[in-house]
Amino acid sequence: MNIVNDKVTEYLEGFYKPLSPFLGSMRMQAEENHVPIILKETEDCMRSYLQIIKPNRILEIGTAVGYSSIFFANLLPEVEITSLEVNESMFQTATKNIKDAGLEHRIEVLLGDAVEGLVQLKISREDNNQSPYDLVFIDASKGHYKEFWDGCLPLCKKDAIILSDNVLFKGKTVSDEYVTDRRQRTMVRRMREYMEYITNLAYADTAVLSVGDGLAVSVLRGYHE
């Protein structure tokens, strides 16, 4: 189910153009094989948004096949990206795709649990005096978004942007009538808790957009640990 009218979605997708032939081919393969990547509407939204804010360093939580990392790197020629992926098969595929795109010098993919990975990145940053991230893109396990949020905060600039994808979860976050599988109930509950949490923080301004499967855009305002 689309979270907006199907005809509206179809109309908007008619304007979509891939950023490069390589990404166009990746999207086609991902859609044919039912591999989750950012939706066309979400990509178009971020394409405009990222060109306005021009981040220098991006932290991505959830690499999948590497599509969004490659998209970011093609869109922003100077950006450096760190991406975390827990699935070894996805990690291997993403690593190959990034190498085939000639972007392995700007995209680093780390294999392992994202929450643990964020802790290690924090230690590494403190030990090596690394620059903080300007933008974080959360696009991984929906039941752990709050853990990802809390883990990435110490790695962010004080005015960083955090983008959380798929927050409306095909309408399930909005209403139980769309929850057709009992196994999803815990995930849905946690996403609702996450949405309540980030929209009521004193140190962040969050807008929730009905783009793609729901995109939350959060602007930090001088967060301190």
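This is a predicted model: local features need pLDDT of at least 70, side-chain atom pairs count only at pLDDT 80 or more; totals for chains, interfaces and linings use all residues.

1. Five of the six residues of β7 are buried, so the strand is mostly covered. What joins β7 to β5? Five bridges do, and the two strands run antiparallel. Within that pairing, Ile-161 has Val-219 in β7 as its bridge partner.

2. On to the pairing of β7 with β6. Six bridges join these two strands, again in an antiparallel arrangement. Ala-207 stands opposite Val-217 in β7. The hairpin formed by β6 and β7 has five residues between the strands, and Gly-212 there takes a positive phi near 60°.

3. Now step back to the whole sheet. It is an open sheet of seven strands with mixed pairing, and the order is β3-β2-β1-β4-β5-β7-β6. Which strands stand at the edges? They are β3 (107–111) and β6; each has a single partner strand, so one side of each is left without a neighbour in the sheet. From one strand to the next, the twist averages 15°.

4. Leu-84 is placed opposite Leu-110 in β3. Helix α6 (residues 114–128) packs on the sheet, where it touches β1, β2, β3 and β4. The direction of α6 makes about 140° with that of β2.

5. Helix α3 is worth a look too. It covers residues 40–53, and its 14 residues reach 20 Å from the first C-alpha to the last, close to the 20 Å expected at 1.5 Å a residue. Its buried residues include Glu-41, Thr-42, Glu-43, Met-46 and Leu-50. Helix α3 lies across β1 (57–61), β4, β5, β6 and β7, and it runs at about 170° to β5. Just after the helix, Lys-54 takes a positive phi of about 50°.

6. Helix α8 gets a point of its own. Which residues of α8 are buried? They are Val-188, Met-191, Tyr-194, Met-195 and Ile-198. Seen down the helix axis, these buried residues fall within an arc of 120°, so they line one face of α8. The face turned away from that buried side carries the exposed residues Arg-185 and Glu-196.

7. What do the buried residues of α8 pack against? Their partners are β4 (133–138), α7 (145–152), β5 (156–165), β6 (204–209) and β7 (215–220). The packing of α7 and α8 is at an angle of about 40°, with the axes 8 Å apart. That makes α7 oblique to α8. Tyr-145, Lys-146, Trp-149 and Asp-150 of α7 meet Met-191, Tyr-194, Tyr-197 and Ile-198 of α8.

8. Compare that with how α6 meets α7. These helices pack at an angle of about 5°, and their axes are 9 Å apart. The two are therefore roughly parallel to each other. On the α6 side the contact is made by Ala-114, Val-115 and Leu-118, and on the α7 side by Glu-147, Phe-148, Gly-151 and Cys-152.

9. Finally, please check the loop between β5 and α8, where Phe-169 and Lys-170 are found. Most residues other than glycine have a negative phi. Phe-169, however, has a positive phi near 50°, and Lys-170 has a positive phi near 55°. Is Phe-169 buried or exposed? At 8% relative accessibility, Phe-169 counts as buried. Lys-170, with a relative accessible area of 45%, is partly exposed.

Conventions. Residues are numbered from 1 along each chain as its sequence is written. Side-chain values use heavy atoms; hydrogens and water are left out. Buried means under 20% relative accessible area, exposed over 50%, partly exposed in between (1.4 Å probe, protein chains only). Helices (H or I, at least four residues) and strands (E, at least two) are DSSP runs, numbered from the N terminus. The arc is that of the directions from the helix axis to the C-beta atoms. Contact means heavy atoms within 4.5 Å. Two strands pair if DSSP finds at least two bridges between them. Axes are lines fitted to C-alpha atoms, for helices over the stretch in contact, and angles run from 0 to 180 degrees between N-to-C directions. Angles under 35 degrees count as roughly parallel, over 145 as roughly antiparallel, 65 to 115 as roughly perpendicular and the rest as oblique. The expected span of a helix is 1.5 Å times one less than its number of residues.
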